[in-house]
Amino acid sequence: MNLLFSINRKFIPLWEQCLATILRHGGASAHDIYVLHSDLTEADGARMARALRPQDRCTLLDVPAGLFEGFPETGRYPLQIYYRLAAPLLLPEALGRILYLDVDTVVLNSLVPLYTSDFAGTAFMACSHTGRFLDRVNQARLDLEEGVPYLNSGVLMMNLALLRGTLRLDDIRDYAERYKKRLILPDQDILTALFGSRALVLDSRIYNMTDRLYIQCQCSAAPAERLSIDWVRQNTVVVHYLGKPKPWQKGYVGPLGVFYKEELARAGG
């Protein structure tokens, strides 16, 4: 299974925690892991290698300086968020597909069904956390066609074979420059604008479950249809702790933090 991450040095501990859940529950017999970065050292690579099993491999890919110069960035959204968008141009050409994960995720069940799914001619498989109203707001904000869903970039199956023939870094740069005053979540905005119409939308309850989504499901469903923590434990593949605070930060009170605590305990943390 090919896995992709994009981090800087301060996120190595979270990467280790996320990877531990993948190795524990993800279902693949071996992994080829690629990490896009601009500041990791040989010592960092050695540390990350110690988190692997003998059959797994981790390759650090240093993104060329200046490749994303001028792109909008903040303390919360550093330039590394754009690396995943250019991944098809940075990864080895032999790779046909890869699964990207944010490091603020926990894997509870097998990733294999997702990883082996048919792209059905699409460039990405991703989830959306917005309903019709917010989709229309984002369509107006980003000049999207009607019906284009707003994608979450935290869990992405990438059709690298297709993307290499269609993705252009200039398109990403041009869109970022043209709409920089409208961008709120820059990487997600650009991903949606350029590829929202060419994405296969997955069930967020399975592949990108968040605290907010869980609470929404509890509030909107009929009593007999409401989800439970046990349902998440048995059915959800990826829990995503997006937004702030997170389970490892002060002030977090989300219902899904139980899974982070359980996985941390299993790892001896």
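Analyst: Happy to! Helices (H or I, at least four residues) and strands (E, at least two) are DSSP runs, numbered from the N terminus. This is a predicted model, in which local features need pLDDT of at least 70, side-chain atom pairs count only at pLDDT 80 or more, and totals for chains, interfaces and linings use all residues. Residues are numbered from 1 along each chain as its sequence is written, and side-chain values use heavy atoms, with hydrogens and water left out.

User: Thanks! Where does P245 lie?

Analyst: The peptide bond that leads from K244 into P245 is cis, with omega near -5 degrees. As for its place, P245 lies in the loop between β9 and α13 (257–266).

User: Let's turn to helix packing. Are α1 and α2 roughly parallel or roughly perpendicular to each other?

Analyst: Helix α1 (residues 12–25) packs against helix α2 (residues 42–49) at an angle of about 20 degrees, and their axes are 11 Å apart. Axes are lines fitted to C-alpha atoms, for helices over the stretch in contact, and angles run from 0 to 180 degrees between N-to-C directions. Angles under 35 degrees count as roughly parallel, over 145 as roughly antiparallel, 65 to 115 as roughly perpendicular and the rest as oblique. The pair α1 and α2 is therefore roughly parallel.

User: And how many charged residues are in the contact of α1 with α2?

Analyst: On the α1 side, I12, P13, W15 and E16 take part, and on the α2 side D44, R47 and M48 do (contact means heavy atoms within 4.5 Å). The classes put Ala, Val, Leu, Ile, Met, Phe, Trp, Tyr, Cys and Pro under nonpolar, Asp, Glu, Lys and Arg under charged, and the others, Gly among them, under polar. The contact of α1 with α2 has four nonpolar residues and no polar ones, and its charged residues number three.

User: Which residues of α13 make the contact with α1?

Analyst: The axes of α1 and α13 come within 10 Å and cross at roughly 80 degrees, so the two helices are roughly perpendicular to each other. From α1, the contact is made by Q17, T21, R24 and H25, and from α13 by Y260, E263, L264 and R266.

User: Is the crossing of α8 and α9 right-handed or left-handed?

Analyst: Helix α8 (residues 169–178) and helix α9 (residues 186–195) pack at an angle of about 120 degrees, with 10 Å between their axes. Here D171, I172, Y175 and A176 of α8 meet D189, I190, A193 and L194 of α9, a contact that divides into six nonpolar, no polar and two charged residues. A crossing is left-handed if the near helix is turned anticlockwise from the far one by less than a right angle, and right-handed if clockwise. The crossing of α8 and α9 is right-handed.

User: On to single residues. With which side chain does the side chain of H240 make a polar contact?

Analyst: H240 sits in strand β9 (residues 238–240) and counts as buried at 3% relative accessibility. Leaving aside neighbours within four places in sequence, the contacts of H240 include D102, D104, T105 and N152. A polar contact is a pair of N or O atoms within 3.5 Å; within protein, one must be able to donate a hydrogen and the other to accept it, and residues adjacent in sequence count only if both atoms are side-chain atoms. At 3.0 Å, the partner of H240 is the side chain of N208.

User: Is V237 buried or exposed?

Analyst: V237 is found in the loop between α12 (229–235) and β9. Beyond neighbours within four places in sequence, V237 touches residues including V106, V107, L108, I206 and Y207. Its relative accessible area is 5%, so V237 is buried.

User: The side chain of T122 reaches the backbone oxygen of which residue?

Analyst: T122 lies in the loop between α5 (112–115) and β6 (124–127), and at 13% relative accessibility T122 counts as buried. At 2.6 Å, its side chain reaches the backbone oxygen of F119.

User: Last one: what is phi of A120 near?

Analyst: A120 is also in the loop between α5 and β6, and A120 counts as exposed at 57% relative accessibility. Its phi is positive in a residue other than glycine, near 55 degrees.

Conventions
Buried < 20%, exposed > 50% of the residue type's maximum accessible area, 1.4 Å probe, protein only.
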